Amino acid sequence: MENNLKTENTKERNSFTGSLGFVLAAAGSAVGLGNIWRFPYCAAKDGGGLFLLVYLVFALTFGFALLITEVALGRKTQQGPLTAYREIKTNWKWLGIFSFVVPFIIYPYYCVIGGWVIKYMFTYIIGKGSMAVQDGFFKSFISGSWQPLLFTFLFAGACFYIVYKGVEDGIEKFSKILMPVLAIIVIFISFYALFLKFTDADGVTRTGLQGAKIYLIPNFKGLTFRGFLHICLDAIGQLFYSLSIAMGIMIAYGSYMKKEVNLEKSVNQIIAFDTGIAFLAGLMIIPTVFVFSGVEGLETAGTSLIFVALPKIFNSLGIFGYILGALFFVMVLFAAITSAVSILEAITASVIDKYGWTRKKSVLVLGAATFVVSVIVCLGYNVWAFDLKLPNGSVGQILDVLDYASMNVLMPIIGILTCILLGWVCKPQVMIDEITLNGEPFKRRGLYKVMIKFVAPVLLFVILLTGLGIL
């Protein structure tokens with residue numbers, strides 16, 4: 001029976017055509033909504049250039065070690081996250097269940113947020129961007145009876161189609177189109193934001209270049225040791241989520257990676273692309289918000305940045321604001337789709353490898369099951385609305401509960417256990433052998449060993465304690 005399953009899996013398992021396809025698909029997974037709004041928000045409140053510097057250091061060390069571990073794990077085992085750990089250590093197969101549960105939890109509410117993005121994109125495309133700034137527009141939309149469900153269905157349908165088409169004809173093909181377009185739009189809006197100029201009612205003139213200085217120049221004013229630690233935690237947390245670590249995604253994508261591809265080089269390219277888009281997102285959003293709302297706007301925008309603060313700015317630009325708003329939400333939609341597709345692919349690959357299902361059957365079943373959860377999330381702002389205080393101090397609905405459980409609890413635990421398994425139980429050499437399979441030297445071998453055995457698990461434990469509200 002086992003042999004029959006492996007034979008079917010071999011037929012069903014596709015692969016990326018080469019390094020470019022893998023890098024763009026993996027970068028598409030990494031470049032998501034977190035890059036567009038959370039990265040600029042963290043940078044604005046955490047000392048601008050100081051946050052950027054800290055983030056870059058952790059990206060080249062902590063992020064690199066965890067990302068290359070998951071990609072190597074997938075390529076070595078040729079399995080999705082549900083069964084990959086079993087191939088490494090049989091009595092650790094239970095860890096694969098956690099790696100399946102996380103993307104299964106995340107994908108439904110990600111589709112709901114993706115539906116919100118489509119709603120705003122359509123609003124600007126049809127020339128009614130002024131509606132988006134009306135008081136209560138966002139709240140009335142998400143608490144509506146049918147519109148949130150419709151737009152969630154449209155977003156989920158797009159993701160379903162791409163994953164249904166497979167790795168080469170679906171994920172890789174669309175990533176090669178969406179990612180370059182996404183990069184072009186981000187670069188254009190970022191460049192435009194630098195030349196914005198606005199004079200408020202008090203006669204104070206603010207420019208985009210002034211906002212860029214806040215973003216790029218480190219601010220050490222009033223910085224304490226505890227404050228610096230807080231900045232480090234924000235940077236680590238943002239990086240952990242941004243690179244899609246501990247979601248099973250990179251294990252699935254790694255399993256589609258050809259053996260002759262230089263794994264270390266590809267991972268470096270993913271980090272460079274992800275960090276570059278995040279940097280440009282900050283250069284796009286922070287100067288824009290500063291010009292029209294000042295420093296106070298940056299400090300108070302928070303999670304409402306995309307759906308509340310930015311529409312007000314677009315509205316102040318007249319007809320060009322509608323065009324800019326439409327471009328912005330098209331860009332956000334592309335980022336959301338590439339990330340959501342990777343999440344759905346993670347659970348699809350798991351089911352294919354575990355049960356020998358065809359891709360079509362797997363996507364149909366999982367697409368239907370996750371959409372049911374998406375409906376529940378939508379109703380969490382309507383008939384099932386409630387206010388629940390979470391351990392980290394925030395108050396939320398069903399979406400927030402799922403986000404908290406996955407991001408703040410399960411993902412750090414998976415990361416810690418993966419470090420223990422591959423750093424101490426099986427030893428780092430198991431992954432190093434896979435990384436150097438094509439004969440190329442592993443340039444950061446020493447750094448990798450130290451990070452995966454000592455530094456990464458400690459940092460992940462701190463993230464877990466922070467998420468639980470203990471720190």
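Predicted model: local features only at pLDDT ≥ 70, side-chain atom pairs only at ≥ 80, totals over all residues.
Contact here means heavy atoms within 4.5 Å. Residues are numbered from 1 along each chain as its sequence is written, and side-chain values use heavy atoms, with hydrogens and water left out.

Ile36 sits in helix α3 (residues 33–45); helices are DSSP runs (H or I, at least four residues), numbered from the N terminus. With 0% relative accessibility, Ile36 counts as buried, a label for anything under 20% relative accessible area, while exposed is over 50% and partly exposed is in between (1.4 Å probe, protein chains only). The C-alpha atoms of Ile36 and Ala281 are separated by 5.5 Å, although the two residues are 245 apart along the chain.

Leu33 is also part of α3, and at 7% relative accessibility Leu33 counts as buried. Leaving aside neighbours within four places in sequence, Leu33 is in contact with Tyr110, Ile113, Val117, Val332 and Ala336, among others.

## The nonpolar core

A nonpolar core is a set of buried Ala, Val, Leu, Ile, Met, Phe, Trp, Tyr and Cys residues joined through side-chain atoms within 4.5 Å. The largest one has 167 residues, and those touching the most other members are Phe62, Trp116, Phe240, Tyr253, Phe328 and Phe329. Helix α15 (residues 319–355) gives the most to this core, with 21 residues.

What does Phe328 touch, leaving aside its neighbours within four places in sequence? The partners are Ile36, Ile189, Met284, Ile285, Ile306, Leu310 and Phe314. As for helix α14 (residues 305–315), eight of its eleven residues are buried, including Ile306, Leu310 and Phe314.

## Where α6 meets α8

Two packed helices are described by the angle between their axes and the distance between the axes. For helix α6 (residues 94–125) and helix α8 (residues 147–164), the axes come within 7 Å and cross at roughly 110°. That makes α6 roughly perpendicular to α8, a word for angles of 65 to 115 degrees. The axes are lines fitted to C-alpha atoms, for helices over the stretch in contact, and angles run from 0 to 180 degrees between N-to-C directions.

On the α6 side, the contact includes Tyr107, Tyr110, Cys111 and Phe122, and α8 brings residues including Phe151, Phe155, Cys159 and Phe160. The contact residues divide into twelve nonpolar, four polar and one charged.

## Cysteines without bonds

How many disulfides does the structure hold? The answer is zero, where a disulfide is a pair of cysteine sulfur atoms within 2.5 Å. The sulfur of Cys111 has its closest cysteine sulfur in Cys159, at 5.1 Å, which is too far for a bond. Cys378 is in no disulfide either, with the nearest cysteine sulfur, that of Cys111, 9.6 Å away. Cys111 is buried at 0% relative accessibility, and Cys378 is buried at 4%.

## Two loop residues with positive phi

Gln78 isn't a glycine, yet it has a positive phi of about 55°. Gln78 is found in the loop between α4 (49–77) and α5 (81–88), and counts as partly exposed at 30% relative accessibility.

Ser244 isn't a glycine either, and has a positive phi of about 60°. The loop between α11 (225–242) and α12 (249–255) holds Ser244, which is buried, with a relative accessible area of 2%.

Conventions:
Parallel < 35°, antiparallel > 145°, perpendicular 65-115°, else oblique. Nonpolar A, V, L, I, M, F, W, Y, C, P; charged D, E, K, R; others polar.
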